[in-house]
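Colleague: Hi! Could you put the model up and walk me through it?
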Amino acid sequence: MSPETSMLLLWLVLLQEGASIRPVVTFTPNYKKIFTTESTTMTCDVEATRGGDLNYIWYKDHVQMHSGKTYKIQNAGTSHSGNYRCQTSTGERSDPARLDVSNGWLILQTPLYVYEGDKMKLRCHHYPGYGGSQTTFYKENKVITDGRDDEEFHISNVDRTSAGKYKCRKEVYYYSSYTSSFFTSVFVIFCSSLELFSPPVLKVSPELVNEGKNMTLTCDTNLSEHRQTTQLQYAFYRDGEIIQGFNSSNRYEAKFLKEENSGTYTCEIQASNSRVKKRSKEVQIEVELFSPPVLKVSPELVNEGENMTLTCDTNLSEHRQTTELQYAFYRDGEIIQGFNSSHIYEAKFIKEENSGTYTCEIQASNSRVKKRSKEVQIEVLELFSLPAIRLSPYLLTEGDHMALTCHTILSPLRQTTVLEFAFYRDGQEIQEFSLSNKYEIQSVKQHDAGDYNCEIKTSNSRIKKMSTMLTIQVNKNSQQGEWELQRE
């Protein structure tokens with residue numbers, strides 16, 4: 001059987017078997033740089049979904065080159081440098097794992113993968129078979145160890161402060177003399193792909209939490225695909241106080257909730273070795289005894305002189321239907337009806353000055369919980385405009401016919417409204433309320449002069465409006481004056 005046929009048969013087998021997650025390539029020893037003549041073993045790590053043996057295919061730079069769970073390189077050459085991937089029965093391939101094989105004098109060896117919380121070892125490694133001493137490590141070109149024989153530098157707990165550019169320098173001995181090494185470097189860059197696990201997210205179910213019901217909190221995160229076997233522990237907090245200590249469950253359940261369960265919740269995750277801890281953002285949870293009130297207005301269009309009804313609506317928790325609620329109403333922030341058991345406020349014979357911003361507020365009679373509605377802007381529509389008194393003719397002489405008219409404009413929505421009119425001189429009524437908006441004097445006299453007003457009201461007398469004052473003067477008749485002089 002040809003190699004090509006064998007690979008094809010293996011490929012068919014792979015497609016019939018399964019794995020739960022994407023495979024990961026690991027190196028032993030755990031260095032991504034080695035020298036020529038050295039050895040390394042690659043392993044295809046995967047967590048199987050069921051028992052039984054899995055089959056594996058290896059690729060180097062996208063070319064199939066081996067089958068089996070491990071691939072060992074002995075007596076490495078520079079041609080072994082490249083990107084290695086493995087594949088299992090799901091057909092998914094691992095991310096590439098880069099191996100560099102050097103024939104130089106000095107390399108800085110670092111792990112294939114570096115994650116927060118790891119213990120990391122940097123090895124300033126010289127070519128096998130030669131002597132070396134005076135190792136110096138640098139970070140960002142600053143000396144961190146100076147002139148020692150130990151070729152390793154250890155970081156006990158990798159975190160974001162560990163990020164940076166590392167170099168090492170070493171004296172390498174050959175041919176009975178020492179030569180200065182060259183510099184080599186590695187960048188340790190922490191980003192989302194190098195997180196051991198993502199920052200946790202606290203989820204609440206159900207989203208709307210009512211008193212008497214159950215609530216489940218879930219602390220969600222994503223483990224790095226290279227560290228799926230890492231054990232995590234979870235804890236939950238309310239208002240900064242722990243309510244469930246660290247354990248293997250990412251859930252917290254609260255049953256038969258009460259108002260005192262309201263608060264600011266967070267969850268925290270730590271790796272089992274406690275080197276890495278991350279806390280979620282805060283989530284505000286309010287256990288609702290009753291829903292936020294809604295202020296309703298009837299009728300929707302309020303005309304002056306009419307009655308207006310405000311209703312403060314809410315929904316009580318289904319488990320607290322017997323709870324007594326109290327209601328209050330406000331206009332422009334000032335209370336117009338104090339807390340009592342009625343959720344209705346009635347205003348009779350509304351006037352323009354009743355316009356304003358209205359709200360209502362609810363409180364439980366045995367609780368400190370208060371909730372206020374959103375603001376509702378109410379404008380009381382004018383039934384008729386302020387009356388204006390008009391004189392005809394404008395200049396009066398004794399004996400003239402005088403006519404006063406009381407003018408107004410009715411709301412377009414209330415054209416059928418019946419209005420009545422009255423007239424006053426010097427504060428005394430001279431024509432009582434009637435359907436006529438005119439007051440007439442057939443032959444005016446000087447004693448008819450004075451300050452005149454008119455007043456308008458609806459037939460039910462709910463709305464009354466008085467005009468501004470009009471001062472009327474009556475001039476003496478000049479011909480009459482001349483006749484009186486002749487008689488004298």
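Colleague: Let's start with the disulfide of Cys-312 and Cys-360: what is its S-S torsion, and which hand does that give?
Modeller: Happy to! This is a predicted model, and in it the torsion about the S-S bond of Cys-312 and Cys-360 is about 75°, so the disulfide is right-handed. The two sulfur atoms are 2.1 Å apart.

Colleague: Where in the chain do Cys-312 and Cys-360 sit?
Modeller: Cys-312 belongs to strand β26 (residues 308–313) and Cys-360 to strand β30 (residues 356–364). They are 48 residues apart, and the pair links distant parts of the chain.

Colleague: Are Cys-312 and Cys-360 buried or exposed?
Modeller: Both Cys-312 and Cys-360 are buried.

Colleague: OK, how many disulfides does the count come to?
Modeller: The count comes to five disulfides. Another one joins Cys-219 to Cys-267, with an S to S distance of 2.0 Å. Its torsion is about 75°, so this disulfide of Cys-219 and Cys-267 is right-handed. Here the link runs from strand β18 (residues 215–220), which holds Cys-219, to strand β22 (residues 263–271), which holds Cys-267, and the two cysteines are 48 residues apart. Cys-219 and Cys-267 are buried.

Colleague: And what about Cys-44, which cysteine is it joined to?
Modeller: Cys-44 is joined to Cys-86, S to S 2.1 Å. Cys-44 is in strand β3 (residues 40–45) and Cys-86 in strand β7 (residues 82–87), 42 residues apart. The S-S torsion of Cys-44 and Cys-86 is about 75°, so that disulfide is right-handed. Cys-44 and Cys-86 are buried too.

Colleague: If you number the bonded cysteines in sequence order, what is the pairing?
Modeller: The pairing is 1-2, 3-4, 5-6, 7-8, 9-10.

Colleague: Nice. New topic: how many aromatic pairs are there?
Modeller: The count comes to nine aromatic pairs. One of them is Trp-58 with Tyr-71, a tilted pair at 6.3 Å centre to centre with 40° between the planes.

Colleague: Which parts does that pair of Trp-58 and Tyr-71 tie together?
Modeller: Trp-58 lies in strand β4 (residues 57–60) and Tyr-71 in strand β6 (residues 70–73), so the pair ties together parts that are 13 residues apart in sequence.

Colleague: Why do you call Trp-58 buried? And what about Tyr-71, buried or exposed?
Modeller: Trp-58 counts as buried because its relative accessible area is 0%, and the cut-off for buried is under 20%. Tyr-71, with a relative accessible area of 15%, is buried as well.

Colleague: Which residues form an aromatic cluster?
Modeller: One aromatic cluster is made of Phe-35, Trp-105, Tyr-127 and Tyr-130.

Colleague: Which ring does the charged end of Lys-278 sit over?
Modeller: The charged end of Lys-278 sits over the ring of Phe-197, 5.1 Å from the centre of that ring. In another spot, Arg-372 lies over the face of Tyr-330, at 4.0 Å from the ring centre.

Colleague: Last topic, the backbone. Which peptide bonds are cis?
Modeller: First a bit of background: most peptide bonds are trans, and most residues other than glycine have a negative phi. Here, the bond from Ser-298 to Pro-299 is cis, with omega near -5°, and Pro-299 is in the loop between β25 (294–298) and β26. A cis bond also joins Ser-392 and Pro-393, with omega about -10°. Pro-393 is in the loop between β33 (388–392) and β34 (396–397).

Colleague: You mentioned phi. What is it for Asp-239?
Modeller: Phi of Asp-239 is near 55°, a positive value in a residue other than glycine. You'll find Asp-239 in the loop between β19 (232–238) and β20 (241–247).

Colleague: And Asp-426, where is that?
Modeller: Asp-426 is in the loop between β36 (419–425) and β37 (428–434). Its phi is positive too, about 50°, and at 47% relative accessibility Asp-426 counts as partly exposed.

Terms used: Residues are numbered from 1 along each chain as its sequence is written. This is a predicted model: local features need pLDDT of at least 70, side-chain atom pairs count only at pLDDT 80 or more; totals for chains, interfaces and linings use all residues. Side-chain values use heavy atoms; hydrogens and water are left out. Rings of Phe, Tyr and Trp (its six-membered ring) pair if their centres lie within 6.5 Å; planes under 30 degrees apart count as stacked, over 60 as edge-to-face and the rest as tilted. Helices (H or I, at least four residues) and strands (E, at least two) are DSSP runs, numbered from the N terminus. Buried means under 20% relative accessible area, exposed over 50%, partly exposed in between (1.4 Å probe, protein chains only). A charge sits over a ring if NZ of Lys or CZ of Arg is within 6 Å of the ring centre and within 35 degrees of the ring normal. A disulfide is a pair of cysteine sulfur atoms within 2.5 Å.
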